[in-house]
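Here is a short report on one protein model. Keep the structure in view as you read.

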Amino acid sequence: MNGPKIYCILPLFGGIPITQTAVSSFVVMVCLCVAGILLGRNLQKRPSRRQVLVEKGVSMLYGMVEDTMGKRNAYWTPYIGALFLSSICGSYIGMTGIFRSATADLSTTITWALMTSFLCWGCSIRANGFLGWLKGFTEPIVVMTPMNLVSEVAQPLSMAFRHFGNIAGGSVLTSLVYSALATLSALLLGLVGKSVIVSLVVLAIGILLLVNGLRAKKMARKIFGIVFLATGLLALLGLSGVPYLEVGIPGILSLYFDVFSGGVQALVFSLLTMVYVGNACPPPEEA
């Protein structure tokens with residue numbers, strides 16, 4: 001797996017590279033803006049089904065932010081919602097096969113993590129003053145200062161690498177599975193295709209397994225029946241270069257690596273942002 005390709009370089013400020021990540025992020029941003037305009041217009045007192053679903057989603061988002069950060073920090077909800085949608089859509093856009101996942105680039109996740117750190121620092125300075133913010137780094141100077149500095153550096157790094165590692169790792173594993181299945185397909189067809197008798201036997205086994213699986217309603221027999229049937233049929237036709245095992249199996253793995261993992265990482269990143277920013281914005285009496 002290679003890094004994002006550079007499509008072109010804009011001749012501004014010494015050259016600004018336009019990469020796959022930049023294009024994917026821009027497409028996600030445009031889609032979210034268009035969706036926001038379409039879903040937020042023509043609001044009525046007697047809501048339609050679309051409006052009910054949108055209001056329910058917004059209410060759930062406000063409830064989650066208030067439960068995590070407190071009602072005093074409910075004004076952070078639009079930012080948290082934009083961060084969550086940008087993350088999950090930035091991960092899912094790689095499933096189109098046209099664009100690259102924006103979150104599979106470390107520059108994207110580390111930018112979001114640094115934004116969280118800057119927000120935490122800004123909230124701490126607003127609540128305690130600049131000298132009060134620096135006080136946490138200087139008292140006691142021997143013990144706390146190194147630990148606090150390490151914590152401030154480790155916080156954005158852990159957030160960025162966790163999100164990036166899961167999405168990029170899933171893409172790498174999926175690519176390896178595709179390559180392994182293509183090699184296995186060629187190997188099986190090459191072995192079975194050496195003899196017409198073997199091809200017919202494999203074809204017959206596939207038909208028997210498939211028929212028996214349909215009668216007994218056994219999913220495993222159906223799957224093995226289809227695999228044996230396809231192997232025998234392709235071997236008889238001499239189509240040894242068809243990577244037939246890539247059909248279906250990678251799709252099942254994609255449900256975890258792309259769909260589940262992308263949603264979980266978006267939720268985790270948003271929750272960590274809420275926790276860190278919420279801790280930096282305590283109630284006035286605690287501040």
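## The largest core

A nonpolar core is a set of buried Ala, Val, Leu, Ile, Met, Phe, Trp, Tyr and Cys residues joined through side-chain atoms within 4.5 Å. Buried means under 20% relative accessible area, exposed means over 50%, and partly exposed lies in between (1.4 Å probe, protein chains only). This is a predicted model: local features need pLDDT of at least 70, side-chain atom pairs count only at pLDDT 80 or more, and totals for chains, interfaces and linings use all residues. Residues are numbered from 1 along each chain as its sequence is written, and side-chain values use heavy atoms, with hydrogens and water left out.

The largest nonpolar core has ten residues: Val65, Met69, Trp76, Ile80, Cys120, Cys123, Met274, Val277, Ala280 and Cys281. H2, helix H4 (106-138) and helix H8 (249-280) each give two or more of them. H8 gives the most, with three residues. Helices here are DSSP runs (H or I, at least four residues), numbered from the N terminus.

Take Ile80 in this core. Contact means heavy atoms within 4.5 Å. Setting aside neighbours within four places in sequence, Ile80 is in contact with Val65, Ser270, Thr273 and Met274. Another core lies apart from the largest one. That other core has eight residues, including Leu189, Val192, Val202 and Tyr244.

H1 has 21 residues. From first C-alpha to last, H1 reaches 30 Å, close to the 30 Å expected at 1.5 Å a residue. The expected span is 1.5 Å times one less than the number of residues.

Which residues of H1 are buried? They are Gln20, Thr21, Ser24 and Val28. Seen down the axis of H1, these buried residues fall within an arc of 95°, so they line one face of the helix. The arc is that of the directions from the helix axis to the C-beta atoms. On the other side of H1, Phe26 and Ile37 are exposed.

Next comes a loop. Asn42 lies there, between helix H1 (20-40) and helix H2 (49-69). Phi of Asn42 is near 55°, a positive value in a residue other than glycine. Asn42 counts as exposed because its relative accessibility is 56%.

## The largest pocket

A pocket is found on a 1 Å grid over the protein atoms alone: it is an open set of points where a 1.4 Å probe fits, with protein on both sides within 12 Å along at least five of seven lines. Lining residues have an atom within 4 Å of a point.

The largest pocket has a volume of about 650 Å³. It is lined by 20 residues. Val58, Leu61, Gly81, Ala82 and Leu85 lie nearest its centre. H1, H2 and helix H3 (77-92) each give two or more residues to the lining.

## Helix H7

Helix H7 (residues 219-237) has 19 residues, which should span 27 Å at 1.5 Å a residue. Its end C-alpha atoms are 27 Å apart, which agrees. Gly225, Thr231, Gly232, Leu234 and Ala235 are buried in H7. Gly238 follows H7, with a positive phi near 75°.

Start with Ser117 in helix H4. Is Ser117 buried or exposed? Ser117 counts as buried, at 1% relative accessibility. Beyond its neighbours within four places in sequence, Ser117 is in contact with Gln155 and Pro156.

Now find Phe164 in helix H5 (residues 144-192). At 22% relative accessibility, Phe164 counts as partly exposed. Not counting residues up to four places away in sequence, Phe164 touches Thr103, Ala104, Asp105, Leu106, Thr109 and Gly169. Phe164 and Leu200 are 36 residues apart in sequence and 48 Å apart in space, C-alpha to C-alpha.

Note on methods:
Grid points are joined across faces, edges and corners, and a volume is the space filled by probe spheres set on the points.
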